[in-house]
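Good morning, and thank you for coming.

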Amino acid sequence: MEPGALVTVPGRTLSCYVHVPFCATRCGYCDFNTYTPSQLTGMTTRDYVQAAHREIERARHELDDGRPLATVFFGGGTPTMAADDELAGLLDHLRQAFGLAPGAEITTEANPETLDEQRLDRLLDAGFNRLSLGMQSGDEQVLATLERHHTPGRAVQVARWAHRAGFDNVSLDLIYGAPGETMDQWRVSLETALEADPEHVSAYSLIVEDGTAMARHIAHGRLPEPDEDLEADKYLLAEERLGAAGLANYEISNWSRPGREAAHNMAYWRSDDWWGIGPGAYSHVGAARWWNVRHPRRYAAMLAAGTGPRAGHEILDEATSHEEVVMLGLRLRDGVRMTELTRAERSALPGLAGRGLVEVREGAVRLTLAGRLLGDAVTLEILG
């Protein structure tokens with residue numbers, strides 16, 4: 001795709017995702033595009049940041065439609081493996097290249113062990129106004145199973161520091177369903193997270209990905225297989241405890257206080273436009289979707305040579321775009337407008353409603369709590 005080839009859709013917001021591919025160690029369950037220092041010998045975070053600045057410049061030239069960024073999200077990996085001035089420099093470059101919309105949500109992910117009170121002050125001063133902490137569990141044994149290297153209370157401590165520093169939007173990420181995790185251990189994780197009084201909590205069911213250390217441990221009998229029925233019970237407990245604490249479910253795996261829904265993730269779920277900066281990052285503008293080469297060294301070399309870092313692209317046809325609108329929309333509390341569905345898709349709703357899996361009201365179809373437990377299956381049944 002060449003500059004000028006992108007056609008934007010009126011009414012869509014523009015966001016930016018910045019992928020920082022560094023981690024101190026690799027967690028046993030992780031299959032993200034991340035690298036430890038030993039895997040990137042000779043490449044520093046500053047080398048990566050220099051390449052990311054070059055990609056921001058390319059993005060500025062390729063998409064020059066005057067839209068400011070509604071959200072920015074620094075993810076990874078562990079963005080806070082980079083220095084504060086490196087993160088601030090990238091955010092400043094995005095501000096200069098695109099502008100930031102009034103009230104723009106600016107998030108950085110972080111592992112709790114990379115932050116202290118001084119770093120939080122510097123991140124806030126740089127313009128970050130939302131913090132997403134990888135807590136995962138409040139139980140020491142479960143953290144060990146996940147091969148996480150922070151203590152159970154560290155995320156709560158950092159969240160409290162962040163509130164004290166002036167962050168008024170702190171999110172905690174939790175994982176349930178780790179091999180061997182009991183209901184009591186999951187209950188402890190929920191209660192520990194709530195001690196931090198977070199504005200947002202994400203709770204994801206563990207997926208054992210092929211090729212990970214955890215998958216190998218399970219295959220060799222060193223860890224038990226996850227129990228899907230127990231995972232469903234854990235989801236129901238999360239809904240109960242988070243709801244009682246004033247956090248409402250607005251997407252299958254996400255709960256927030258009113259007005260604190262993750263605006264950046266909502267851009268994904270609503271199929272808005274976003275530009276992905278960094279190795280392996282995906283972008284979506286109009287009907288075009290593309291992705292960058294995965295390895296940081298190749299990513300940096302291509303940009304240094306004056307070429308774009310794209311590994312491939314696709315143009316979404318009308319059928320694919322429709323399927324994505326339905327699949328992503330059904331994950332949301334607001335559901336999908338009936339006018340978005342075809343006649344055949346609407347014909348599946350009475351049966352699903354009769355089984356208590358969806359409800360139709362105010363011109364939209366939404367998953368019930370029971371439907372959330374079977375979200376993918378319900379969506380496939382609607383799509384036929």
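Where does G77 lie? G77 sits in the loop between strand 2 and helix 2 (84-98); helices (H or I, at least four residues) and strands (E, at least two) are DSSP runs, numbered from the N terminus. The bond that joins G76 and G77 is a cis peptide bond, with omega at about 15 degrees.

The model is predicted, so local features need pLDDT of at least 70 and side-chain atom pairs count only at pLDDT 80 or more, while totals for chains, interfaces and linings use all residues. Residues are numbered from 1 along each chain as its sequence is written, and side-chain values use heavy atoms, with hydrogens and water left out.

Next, the backbone at two other residues. Q136, in strand 4 (residues 130-136), is not a glycine, although its phi is positive at about 70 degrees. Q136 counts as buried because its relative accessibility is 8%; buried means under 20% relative accessible area, exposed over 50%, and partly exposed in between (1.4 Å probe, protein chains only). E362 also is a residue other than glycine with a positive phi, near 50 degrees. E362 belongs to the loop between strand 14 (358-361) and strand 15 and is exposed, with a relative accessible area of 62%.

I turn now to charged pairs. Side chains of opposite charge can pair when their charged atoms come close. A salt bridge here is a side-chain nitrogen of Lys or Arg within 4 Å of a carboxyl oxygen of Asp or Glu, and by this rule the count comes to 24.

Which residue forms a salt bridge with D273? The partner is R67, and the closest N and O atoms are 3.0 Å apart. D273 is in strand 9 (residues 273-277) and R67 in the loop between helix 1 (45-62) and strand 2 (69-76), so this pair links distant parts of the chain, 206 residues apart. D273 counts as buried because its relative accessibility is 0%, and R67 counts as buried at 15%. Both residues belong to a network of salt bridges that links R12, D65, R67 and D273.

A second pair is R260 and D168, whose closest N and O atoms are 3.2 Å apart. R260 lies in the loop between strand 8 (254-256) and helix 9 (263-269), and D168 in the loop between helix 5 (154-165) and strand 5 (170-176), so the pair ties together parts that are 92 residues apart in sequence. E191 is in helix 6 (residues 183-195) and R241 in helix 8 (residues 228-244), 50 residues apart. E191 is partly exposed, with a relative accessible area of 29%, and R241 is partly exposed at 23%.

That concludes my presentation, and I thank you for your attention.
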